[in-house]
Amino acid sequence: DGGALPGTAGGRVEPLVRTHSPAREDEKARIKAAGGSVVWFGTWRVNGTLGVARSIGDRPQRGIVIPDPDYTHRRVSPLDHFVLLATDGLF
């Protein structure tokens, strides 16, 4: 999981990516519709193991944990100064 935040003039910040967390209601619904479960073990977990709802390389969870990212299309503005890209360790 990662994140992207554009920094604009005036300090406005608008996240471009939403965290792929099984705590999100839309992710819970998608996981349950795919035949999985979301349970609480100190944090929300997919099928009691993974703390993320989207990932690559988790073969036992294939079809429940998907690799498709969430993303946002946004035009670059003259007011944009930078974009901060980072992994979930920072966010």
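**Briefing: salt bridges, core and surface patch**

Setting aside residues up to four places away in sequence, Ile31 touches Pro22, Gly36, Ser37, Val38, Val46, Ala53 and Ile64, where contact means heavy atoms within 4.5 Å. This is a predicted model, in which local features need pLDDT of at least 70 and side-chain atom pairs count only at pLDDT 80 or more, while totals for chains, interfaces and linings use all residues. Residues are numbered from 1 along each chain as its sequence is written, and side-chain values use heavy atoms, with hydrogens and water left out.

**Nonpolar core**

- Ile31 belongs to the largest nonpolar core, which has seven residues in all and also includes Val38, Val46, Leu50, Ala53, Ile64 and Val65.
- Such a core is a set of buried Ala, Val, Leu, Ile, Met, Phe, Trp, Tyr and Cys residues joined through side-chain atoms within 4.5 Å; buried means under 20% relative accessible area, exposed over 50%, and partly exposed in between (1.4 Å probe, protein chains only).

**Salt bridges**

- The structure holds seven salt bridges, each being a side-chain nitrogen of Lys or Arg within 4 Å of a carboxyl oxygen of Asp or Glu.
- A network of salt bridges links Arg18, Arg24, Asp26, Glu27, Arg30 and Arg54.
- Arg24 pairs with Asp26 at 2.7 Å, N to O, and with Glu27, where the closest N and O atoms are 3.5 Å apart.
- Arg24 is buried, with a relative accessible area of 14%, whereas Asp26 is partly exposed at 38% and Glu27 is buried at 1%.
- Glu27 also meets Arg30 in a salt bridge of 2.8 Å, N to O, and these two residues lie three residues apart, about one turn, in helix H1 (residues 25–33); helices (H or I, at least four residues) and strands (E, at least two) are DSSP runs numbered from the N terminus.

**Surroundings of Arg54**

- Arg54 is found in the loop between strand S3 (44–46) and S4, and it is buried, with a relative accessible area of 15%.
- The side chain of Arg54 makes a polar contact of 2.7 Å with the side chain of Glu27, and a polar atom of the Arg54 side chain lies 2.6 Å from the backbone oxygen of Asp68.
- A polar contact is a pair of N or O atoms within 3.5 Å; within protein, one must be able to donate a hydrogen and the other to accept it, and residues adjacent in sequence count only if both atoms are side-chain atoms.
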